[in-house]
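I opened my notebook to look up a few things in one structure. My entries follow, in the order I made them.

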Amino acid sequence: MQNDSTAANPLLDFSAMPRFEDIKPEHVEPAIRSLIDENRALIERLTAEPGTPTWDGFVSPMDEAGERLGRAWGVVGHLHSVFDVPEWREAYNAMLPEISRFYAEVGQNLALFEKYKALHDSPEFATLSPVRQRILGHGLRDFRLSGAELPDDQKPRFQEIQEEQSQLAAKFSENLLDATNAHAEWVSDEAGLAGIPDDARQAARAAAEAEGKPGWKFTLQMPSYLPVLQYADDRELRARMYRAYATRASELGKPELDNGPLIGRILALRDEEARMLGYRNFAEVSLVPKMADTPEQVLGFLRDLAAKAKPFAEKDLEELKAFARAELGLDTLEPWDVAYASEKLRQARYAYSDQEVKQYFPEPKVLDGLFGVIRALYRVDILPDEAPTWDPDVRFFRIEKEGELVGHFYLDLHARSTKRGGAWMDSARSRHRNTWGSDTPVAYLVCNFPGPVGGKPATFTHDDVLTLFHECGHGLHHLLTQVDELAVSGIHGVEWDAVELPSQFMENFCWEWDVLQGMTAHVDTGAPLPRALYDKMIAAKNFQSGMQTVRQLEFSIFDLRLHGEVDASSGPVPIERVMALLDEVRREVAVMIPPAWHRFPHSFSHIFAGGYAAGYYSYKWAEVLSADAFEAFEEAGAGKGSLLDPETGERFWREILAVGGSRPALDSFKAFRGREPRVDALLRHSGMVAQA
Ligand SMILES: [Zn+2]
């Protein structure tokens, strides 16, 4: 690969950390082209070879070539995210279609599929390690789910189904967006704005001005809609906005934007796809690559949680109704009063200022606290290290265990105008053994926190701290892996509904009094977080958690039953059938039943236009796992005095973090916890505990 034309291209240098100081946009096209060519040529050569493929002669070279392309393109994608100047944006976008085309082509390459299958059916298979057997099994599974094993005469229909599904999903989103934009509420009299915060008023005024009109224009977009529902004293305005929002993209609005028929068609196509693949329904297809085994199992889990959460939700609602009656004069609590009354109740009971909390979280203290938690749990050292970076603000660290290198990470904490929003962890390099030795993992941890001002350290909100711990949890999953096979090391190959376990797990430490004492120091006085403020933070965290939980469960159960129980074998499902199912689910788990004209499914993009079909439950599923895992540390702490218990930490590392996707997530969980997951810890952490 190292011929004359590519030797000088730093993107093609895989010997150490990416050479961020040398890599320029003009290197992208030649490097990525040559790597795609290399991969294509290799695939062509390997699929043309006669005879049964072997792991060393087929899978290894495929993995290595794929890894080089993945790493080089990873650097380009990373720079596009953290250094989004026009030249880099152009370089990234210029190659994006080619990259997408290449990966799509690999996924549909039947000759490749045949080779994997031949290896799977060969005598060598029995001699492979369980991990390698698992990797081959997953590879074949993914090909199969894309229709690779269908008889030739069925393949065109399968392709058609896929294409129509993508078109319908795109149309669903477009209709929803257009319907959201189609409605506006105009307020002409300033008195009508009572209660609405200044920034929302200013935005509404600007929106009116943009159309050359007097008054204030409120829209159904979240930043405009939500403040009205939460704060507007004008009940009629709230009611009109609520109804407009709840009926978006339905037959109650513009007929050309009605998502109802699309929903029926999408369900029928998914059903047809499932049957072609040999499953009873689409819920089964969705669960194949996930941790959960069957729709019945997931439904059982959701219903168990619902039965336990519902009494708390009822209590939340009673409390809200009583408050609305006594303090707000609202004798009947209508759906458009819920957000309004809740906000008033929250302020009355639990309000504290984020600004006040922030003073206790200066960046150096928070990082010390975070690193301290990691050191205590896993007995590792986190040491500053040197490597080229993309910005002088970026720091670089190495993790060592008893003097031995485990991995590296970049820490890019502060917002910059060239950085995309949000926070994320990404892989710069994955742990694996290859023909030239072993690579240790390297991670990017990227956040968008405020930077230091006026010579003072930056201070973080508690939400920022949660975000940092969350991403660091993903980072540790990537960095502490002990697996040598690329396809399942770190977060690779981890089931989709289990991948948030290590990240949500880390968040729990940010709610622990003892941990917070060690990671807070007031910027001026150096005092740790006071107990009274901490108590308020906990109360606010659990505010209405019963109502929020049953709402999430309502969506999850509806999604799962819609894809598992509703018969779509004879064509598009009538929307009445969809609404009837939702009513049924609400009668079972909801405490606040919306009006009959509410059209929730018509805007449920997660399952009709996102990747969450029969998978919305994953949010709660992962939360249960992470809370239950954390409970093991609480139990250890109760016995030993500190929940930062190295023995439990070592077990968490060994059974969960170290194994990555090399075995089923449920096996890992059980190996760590000694039993199946239980919902109790999550309920307790959310304040849903029966008072004795
Ligand atoms: Zn996450």
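**Entry 1: a helix**

How many of the 28 residues of α3 are buried? I counted 21 of 28, so I noted α3 as mostly covered, with under 20% relative accessible area as the cut-off for buried. I kept in mind that this is a predicted model.

Next I checked the span of α3. The helix runs over residues 55-82. From its first C-alpha to its last it reaches 37 Å. That is close to the 40 Å expected at 1.5 Å a residue.

**Entry 2: the zinc ion**

I then asked which residues coordinate the zinc ion. Along the chain, the donors follow the spacing H-x3-H-x25-E.

Where do His470 and Glu500 lie? His470 is in helix α18 (residues 462-479), while Glu500 is in the loop between α18 and α19 (501-507). The pair therefore ties together parts that are 30 residues apart in sequence.

The angles among the four donor atoms are 51 to 141°. For reference, I wrote down that the ideal angle for four tetrahedral donors is 109.5 degrees.

Glu500 has 27% and counts as partly exposed.

**Entry 3: a sheet**

In what order do the five strands of the open sheet stand? I wrote down β3-β4-β5-β9-β6, with mixed pairing. β3 (381-384) and β6 (424-429) stand at the edges. Each has a single partner strand, so one side of each is left without a neighbour in the sheet. From one strand to the next, the twist averages 25°.

I followed β6 to its partner. β6 and β9 (residues 442-449) pair in the antiparallel sense over five bridges. Met425 has Leu445 in β9 as its bridge partner.

Helix α17 (residues 363-378) packs on this sheet. It touches β3, β4 (395-401) and β5 (404-414). The direction of α17 makes about 155° with that of β5.

**Entry 4: one serine**

Last, I looked up Ser618. It is found in helix α25 (residues 618-640). Its relative accessible area is 8%, so Ser618 is buried. What does Ser618 touch, not counting residues up to four places away in sequence? I listed Lys290, Trp496 and Asp497.

Note on methods
Residues are numbered from 1 along each chain as its sequence is written. This is a predicted model: local features need pLDDT of at least 70, side-chain atom pairs count only at pLDDT 80 or more; totals for chains, interfaces and linings use all residues. Side-chain values use heavy atoms; hydrogens and water are left out. Donors are N, O and S atoms within 2.8 Å of the metal (3.2 Å for Na, K and Ca); water is not among the atoms, so sites may look incomplete. Four donors count as tetrahedral if all angles lie between 85 and 135 degrees; four count as square planar and six as octahedral if opposite donors are over 155 degrees apart and all others between 65 and 115; anything else is irregular. Helices (H or I, at least four residues) and strands (E, at least two) are DSSP runs, numbered from the N terminus. Buried means under 20% relative accessible area, exposed over 50%, partly exposed in between (1.4 Å probe, protein chains only). The expected span of a helix is 1.5 Å times one less than its number of residues. Two strands pair if DSSP finds at least two bridges between them. Axes are lines fitted to C-alpha atoms, for helices over the stretch in contact, and angles run from 0 to 180 degrees between N-to-C directions. Contact means heavy atoms within 4.5 Å.
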